[in-house]
Amino acid sequence: MLRYAASVDQLLEDPKEGDTEGDYFDAWLRECHREIHDDVDTSDPAELRSAKWVESESSSRRYDLGAIRIPDYESAFQELRAFDFRSRSSTRRERVLAKILVDAFQLRLVDAAAILTIGNIVAQSEEGARVVVVLYAGAAHSRCVVEFFRSQGLGHQGLPKKGYVGQEEWEDDEPRGLELPSYLHDFSELFPVPKAQPPAARAGAAPPKASLQERRKAEDAADQAMRELLEEEAQAPGQAKPKAASRKQKR
């Protein structure tokens, strides 16, 4: 529940930046800057959202879209609270603000429902059972669910393309059919689950430093081995004594 509330807050703190799909910005531009919306290419809302300047389709002028922002949730609530429905009808700006506020909760609710459903499926399975859950959703919902489970320690070890099926962007005339990897045709390829690679085994990673307790335990074991070796030499004086390497005990 806390993560759900935090994800909604993050989305509404800056609706233009939070909604990477660009739907909020496209709606804001249409309702509050209609003259710009009708004079630019709006076929790709995500690209429109991230653009700084866009060319006019009817003249040689350019529009500074980077300067156009959507109010955060605190400013939006204050603006809507000032609306007196008894004295006038709502404006386009007020209506689109209300829609964005409501949609953010519904949008993240879909993600929360998917996370809880997956959790219930796994929890209801027998201990030690092999469970495969396939989530088929849009890019934004899939990304949010993946981020949650990765924050809980899950990963994509052993899966090509980090376990991602499909692609983020499509051309208008590009077929949207998905070519499923072999492990989705045969779930047995997913087991046993590969373990995460320890940090010391990764390329360029320094070996983990032993704790003080571990170092002292290793030194005590070395001292014990040395004492046993000396006792063996004392019991067999006629035998050649091996040269003992000198060592300095460090604590």
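Reader: What does Leu65 touch, not counting residues up to four places away in sequence?

Author: Leu65 touches Lys16, Phe25, Leu29, Ile36, Leu48, Ala51, Lys52 and Val54. Contact here means heavy atoms within 4.5 Å. Bear in mind that this is a predicted model, where local features need pLDDT of at least 70 and side-chain atom pairs count only at pLDDT 80 or more, while totals for chains, interfaces and linings use all residues. Residues are numbered from 1 along each chain as its sequence is written, and side-chain values use heavy atoms, with hydrogens and water left out.

Reader: Why is Ile36 called buried?

Author: Buried means under 20% relative accessible area, exposed means over 50%, and partly exposed is in between (1.4 Å probe, protein chains only). Ile36 has 9% relative accessibility, so it counts as buried. Ile36 touches Leu29, Tyr63, Leu65 and Ile68, again leaving out residues up to four places away in sequence.

Reader: And what makes Val122 partly exposed?

Author: Its relative accessible area is 46%, so Val122 gets the in-between label.

Reader: Which residues have the most contacts inside the largest nonpolar core?

Author: Those are Leu29, Ile36, Leu48, Val54, Leu65 and Ile68, in a core of 25 residues. A nonpolar core is a set of buried Ala, Val, Leu, Ile, Met, Phe, Trp, Tyr and Cys residues joined through side-chain atoms within 4.5 Å.
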